[in-house]
Amino acid sequence: MAPRFTNNSCNPFLPRNASCSLGNYISYAVNASDATDFRKTIQFVRDHNIRLTIRNTGHDYNGKATGAGAVAIWTHHMKSMQTLDYRSTTYTGKAIKMGAGVQTEEVYRYAHTLFGLVVVGAFSPTVGIVGGYTQGGGHGPLASRFGLAADQALEWEVVTASGEHVTASRSHNSDLYWALSGGGGGTYAAVVSLTVKAYPELKTSAANLTYSKTESTHDGFWRAVRIFQESLPNLVDMGAYVSYFLTNDSFSVAPIQGPGVTKIQLQQELSATLSCLDRENIQYNFSIAESPSFYDSHRSFDVPVNVSQLQIGGRLIPRLLVQNNISALIQAQKAIVDSGIGAIISGVCVNVSIADSSINSVNLVWRTALFDAVIGTPFSYTNDSSNILLADMTTHTFLPLLADLTPNGGAYINEADFQQPDFRNVLYGVNYPALKAIKMKYDPRGIFYAVTAVGSEDWFEDATQGGRLCRIS
């Protein structure tokens, strides 16, 4: 969980005489094992008017999985996995059913080792597949090849706010299925398990590239950044996933991963960037390899990145901006990373236009996006005033630079600014009215609440009552 949302509760970096209280942490957690635990917990909080949260792995940038005075349904130990020969009117093929606590590395290893399969999952090995990741859309190394995680959902097993234990699919409780598949986590029901499409393993190529800026290579540095970003459409169209980090003095691609892409193909698409670096006499580190399977490539190239020291906010960057006005994009990127406060930009680049956008509630802006631009500003464990100032800079200075270039655009729910103005349009787009109607149908009392979630505009956290969640009258 992002440290900002702990409100410095028992902060080990503060002086020994600093207060130690729960603050914004939950008060109790139910270590759930099955749907019965879900039903009993939901009934308890309903009967006693207690705040409820759903907590899986804690990969949570925006404080959705915590809350002052709350009881949490903790799903982390629900690790069941089962491979199925799935048949329905819309999909016939291999599938994997996962308990709510299954993490990326666990299902990658299970699918590959036992069955020679892959499923769409996250870059980070510890992200929970079934929670807010898939419910919020879910990008990852296989997204350009098969679509977002939400595009893989076949069935959701859930417990609703009324305590009903139901299955949601395209043919049964289809409205709930639609909302759960991309409309945000912890909002419509508590998820017990998820069944997703699985695919045969495939050869995968991957590459890393890193270079830095010196006083004599300033202009060449940015020319190389431009050329690399101009190559992104071809890279994602061939099935590659690209993750890069841009600071005021360095550019790092870690990694580019191409499921079903050969090493020769990947090298060819990177040749323009490498040639530019050579012309500009910029030293760089570059590695490329072809692996016999996606899992082998994942184990070699997908090195987890520590993002706990950052406060974030994001914007989806459309393909047309890169193709038609990349100079303006570069100027905005320069303004952010050269601001003097240590800001970085992460770009997660995929092509998810291949999916049928009508079958789920993923923000339609995703279907024309080239990458998710995530701005990170430093987080201090000892200077909360600085944290507030930098978070406000993201909201009111940095993100507007990107928003001005992307009118009627949006952001990825799971990597958005928790202070995002007009979050209903930016995070959910044209789907919001339908999502709100489904929310009211299945959870009219607002049992399920999360920051920036559908329906959250009906509530506020009362600072005068220790952060108690109260309905807006």
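**Cavity, pocket and helix contacts**

The largest cavity has a volume of about 120 Å³. This is a predicted model, where local features need pLDDT of at least 70, side-chain atom pairs count only at pLDDT 80 or more, and totals for chains, interfaces and linings use all residues. Residues are numbered from 1 along each chain as its sequence is written, and side-chain values use heavy atoms, with hydrogens and water left out.

Back to the cavity. On a 1 Å grid over the protein atoms alone, a cavity is a set of points where a 1.4 Å probe fits but cannot get out. Grid points are joined across faces, edges and corners, and a volume is the space filled by probe spheres set on the points. By this rule the count is one cavity of 30 Å³ or more.

What lines the largest cavity? There are 14 lining residues, meaning residues with an atom within 4 Å of a point. Closest to the centre are Arg4, Tyr61, Gln311, Ile312 and Phe418. Strand E15 (310–318) and helix H12 (384–405) are the elements that give two or more residues. Helices (H or I, at least four residues) and strands (E, at least two) are DSSP runs, numbered from the N terminus. E15 gives the most, with three residues. By class, the lining has eight nonpolar, four polar and two charged residues. Nonpolar covers Ala, Val, Leu, Ile, Met, Phe, Trp, Tyr, Cys and Pro; charged covers Asp, Glu, Lys and Arg; the others, Gly among them, are polar.

Now the second largest pocket. A pocket is an open set with protein on both sides within 12 Å along at least five of seven lines. Its volume is about 380 Å³. The lining of this pocket has 17 residues, with Asn49, Ile50, Arg51, Trp459 and Leu469 nearest the centre. Helix H1 (35–48) and strand E19 (468–471) are the elements that give two or more residues to this lining. E19 has the largest share, four residues. The lining of this pocket splits into nine nonpolar, three polar and five charged residues.

Next, helix packing around H6. Axes are lines fitted to C-alpha atoms, for helices over the stretch in contact, and angles run from 0 to 180 degrees between N-to-C directions.

Take H8 as the partner. H6 (residues 218–230) and H8 (residues 263–279) pack at about 170°, with axes 9 Å apart. H6 is therefore roughly antiparallel to H8, a label for angles over 145 degrees. Contact means heavy atoms within 4.5 Å. On the H6 side we have Arg223, Ala224, Ile227 and Phe228; on the H8 side, Leu270, Ala272, Thr273, Cys276, Leu277 and Arg279. That contact divides into seven nonpolar, one polar and two charged residues.

How do the axes of H6 and H11 cross? They cross at roughly 125° and come within 11 Å, with H11 spanning residues 326–337. H6 and H11 are therefore oblique to each other; oblique is what remains once under 35 is roughly parallel, over 145 roughly antiparallel and 65 to 115 roughly perpendicular. H6 passes H11 in a right-handed crossing, with the near helix turned clockwise from the far one by less than a right angle. H6 brings Trp222, Val225, Arg226, Gln229 and Glu230. H11 brings Ile326, Ser327, Leu329, Ile330, Gln333, Lys334 and Val337. The H6 and H11 contact has six nonpolar, three polar and three charged residues.

Two backbone points to finish. Alanine 254 and proline 255 are joined by a cis peptide bond, omega about -5°. Proline 255 sits in strand E13 (residues 250–259). Asparagine 408 is not a glycine, yet has a positive phi of about 60°. Asparagine 408 lies in the loop between H12 and helix H13 (423–428).
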